[in-house]
Amino acid sequence: MNRATWSKPTSPEEAYRRAGGRAKYNAKRFDAAFERRQQLLVMLRHKAPRRGDLVHLARSLGVSKATICRDVALLRMSKSLGPADPTFADLMREMKRIGFH
């Protein structure tokens, strides 16, 4: 879409199709993020992280280091994975102790 056609009115049908496409795309991204966080949790439980492991985790999951940092932060804040899971709580304490943010 270019600037000349940007302000042209769209039909309701086209707007519905676009909205449906966005919803489908966002659902795929949500599912992929959920799956990635589950894999990350399994990987973190398997091996206690050390400095420099973020890059390895990011490469193995096919995402950036920043994405892994955000995922770890979300897992830390998750009430379903925090206090209810003693392994996860121990892991988070160890991550904090060694400076893994």
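Asp71 and Arg37 join their side chains in a salt bridge, at 2.9 Å from N to O. Asp71 sits in helix H4 and Arg37 in helix H2, so the pair ties together parts that are 34 residues apart in sequence. A salt bridge here is a side-chain nitrogen of Lys or Arg within 4 Å of a carboxyl oxygen of Asp or Glu. Helices are DSSP runs (H or I, at least four residues), numbered from the N terminus.

This is a predicted model, in which local features need pLDDT of at least 70, side-chain atom pairs count only at pLDDT 80 or more, and totals for chains, interfaces and linings use all residues. Residues are numbered from 1 along each chain as its sequence is written, and side-chain values use heavy atoms, with hydrogens and water left out.

**The salt bridges**

How many salt bridges are there by this rule? The count is three. They are set out below.

| Pair | Closest N to O distance |
|---|---|
| Arg18 and Glu14 | 2.5 Å |

Asp71 is buried, at 1% relative accessibility. Arg36 also counts as buried, at 16%. Arg37 is partly exposed, with a relative accessible area of 23%. Salt bridges that share partners join Arg36, Arg37 and Asp71 into one network. The cut-offs for exposure are these: buried means under 20% relative accessible area, exposed over 50%, and partly exposed in between (1.4 Å probe, protein chains only).

Arg18 and Glu14 are four residues apart in helix H2, which means that about one helical turn separates them. An α-helix has 3.6 residues a turn, so residues three or four places apart point the same way. Arg18 is partly exposed at 33% relative accessible area. Glu14 is partly exposed at 25%.

**Around Arg36**

Arg36 has its place in helix H2, residues 12–46. Which residues does Arg36 touch, not counting those up to four places away in sequence? They are Leu61, Val63, Thr67 and Asp71. Contact means heavy atoms within 4.5 Å.

Val63 lies in the loop between H3 and H4. Val63 is partly exposed, at 23% relative accessibility. Not counting residues up to four places away in sequence, Val63 touches Arg36, Ala58 and Ile68. Val63 and Arg36 are 27 residues apart along the chain, and their C-alpha atoms are separated by 9.3 Å.

**Helix H3**

Helix H3 spans residues 53–61, and its buried residues are Asp53, Leu54, Leu57, Ala58 and Leu61. Seen down the axis of H3, these buried residues fall within an arc of 135 degrees, so they line one face of the helix. The arc is that of the directions from the helix axis to the C-beta atoms. What covers the buried residues of H3 includes H2 and helix H4 (65–77). Which exposed residues sit on the face of H3 turned away from its buried side? That face carries His56 and Arg59. Just after H3, Gly62 takes a positive phi of about 75 degrees.

Technical notes. Helices (H or I, at least four residues) and strands (E, at least two) are DSSP runs, numbered from the N terminus.
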